[in-house]
Amino acid sequence: MNRWIYLLPAAAFVVLAGFLFKSLWSPAPSLVPSALLNKPAPRLALPALDEQTRGFTPADLAAGHVSVVNVFASWCAPCRTEAPQLAELAKVPGIALYGMTQKDKPAATRAFLDEVGNPFSRIVRDDDGRASIEWGVYGVPETYVVDGKGIIRLKYVGPLSDDVLKDQVVPAIRAAQASP
């Protein structure tokens with residue numbers, strides 16, 4: 001009977017180690033499934049960032065061109081690291097790069113964009129975070145590819161990198177451009 005007392009912790013360790021080992025092959029956290037994938041983008045009218053910047057509307061997302069919507073904030077450290085990739089993304093022909101700030105002050109956002117550069121053609125504000133909930137945002141930064149009919153084709157969670165652009169975002173843009 002005393003042997004079982006010694007074997008119980010070892011068995012618990014083996015079960016825990018097996019569970020943790022199995023989790024190594026789980027999908028990456030940036031591949032969070034989205035209930036909105038292949039569905040229309042939320043039809044929300046949000047205010048423009050400020051007087052210097054135009055906002056975008058649901059009609060802009062379904063205007064026949066591919067749109068890339070990046071959700072960001074000035075207080076977000078990873079948003080700073082993806083600034084060079086967003087600048088490169090803005091150069092891709094045939095797309096509109098839009099920004100949506102999450103729970104940020106317009107003055108702070110403007111200072112952030114003045115510091116890291118503003119790749120966005122239009123920017124809207126999500127002051128209270130409700131629009132982010134409608135979009136299914138888990139946290140900033142997040143990037144969405146929306147086809148010319150306003151259908152979300154890709155959701156990427158986390159900061160963009162050169163590899164993410166090359167392997168995921170640009171192919172999704174090309175596929176969205178090719179879709180009827």
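This is a guided tour of the structure, stop by stop, with something to select at each one. Keep in mind that the model is predicted.

**Stop 1: the whole chain**

Start with everything shown as a cartoon. Trace them along the sequence and the order reads α-α-β-α-α-β-α-β-α-β-β-α. The protein is more spread out than a compact globule, because its radius of gyration is 21 Å, well over the 16 Å that the globule rule gives for 180 residues. Turn the model along its principal axes: the C-alpha atoms fill a box of roughly 75 × 40 × 30 Å.

The accessible surface comes to about 10,200 Å². Carbon and sulfur atoms account for 63% of that surface. Of the 180 residues, 43% are buried.

**Stop 2: helix H5**

Select residues 106-116, which form helix H5. Show the side chains. Which residues of H5 are buried? They are Thr-109, Arg-110, Phe-112 and Leu-113. Look down the helix axis: these buried residues fall within an arc of 160°, so they line one face of H5.

What do the buried residues of H5 pack against? Select strand S1 (66-72), helix H3 (77-81), strand S2 (95-102) and strand S3 (122-126).

Finish at the end of the helix. Gly-117 follows H5, and its phi is positive, near 100°.

**Stop 3: a salt bridge from Arg-110**

Stay on H5 and pick Arg-110, one of its buried residues. Then select Asp-50. The two form a salt bridge, with the closest N and O atoms 2.9 Å apart. This pair links distant parts of the chain: Asp-50 sits in the loop between helix H1 (2-23) and helix H2 (58-61), while Arg-110 is in helix H5, 60 residues apart.

**Stop 4**

Check the accessibility of each end. Arg-80 is partly exposed, with a relative accessible area of 34%. Glu-115 counts as exposed, at 59%.

**Stop 5: the disulfide**

The link of Cys-76 and Cys-79 is right-handed, with 85° about the S-S bond. Both cysteines are buried.

**Stop 6: one more salt bridge**

The structure holds 9 salt bridges. One of them joins Arg-130 and Asp-128, whose closest N and O atoms are 3.7 Å apart. Arg-130 is exposed, with a relative accessible area of 62%. Asp-128 is partly exposed, at 48%.

**Stop 7: backbone details**

Select Val-140 and Pro-141. What kind of peptide bond joins them? The bond is cis, with omega about -5°. Pro-141 is found in the loop between helix H6 (130-135) and strand S4 (142-146).

Now go to Asn-38. Its phi is positive, about 65°, although Asn-38 is not a glycine. Asn-38 is in the loop between H1 and H2. Asp-50 lies in the loop between H1 and H2 as well.

End at Lys-103. This residue is other than glycine, yet its phi is positive, near 45°. Lys-103 lies in the loop between S2 and H5.

Key:
Residues are numbered from 1 along each chain as its sequence is written. This is a predicted model: local features need pLDDT of at least 70, side-chain atom pairs count only at pLDDT 80 or more; totals for chains, interfaces and linings use all residues. Side-chain values use heavy atoms; hydrogens and water are left out. A disulfide is a pair of cysteine sulfur atoms within 2.5 Å. Buried means under 20% relative accessible area, exposed over 50%, partly exposed in between (1.4 Å probe, protein chains only). Helices (H or I, at least four residues) and strands (E, at least two) are DSSP runs, numbered from the N terminus. The arc is that of the directions from the helix axis to the C-beta atoms. Contact means heavy atoms within 4.5 Å. The radius of gyration is taken over C-alpha atoms; the globule rule is 2.2 Å times the number of residues to the power 0.38. Accessible areas come from the Shrake-Rupley method with a 1.4 Å probe; for residues, only the protein chains shown count as cover. A salt bridge is a side-chain nitrogen of Lys or Arg within 4 Å of a carboxyl oxygen of Asp or Glu.
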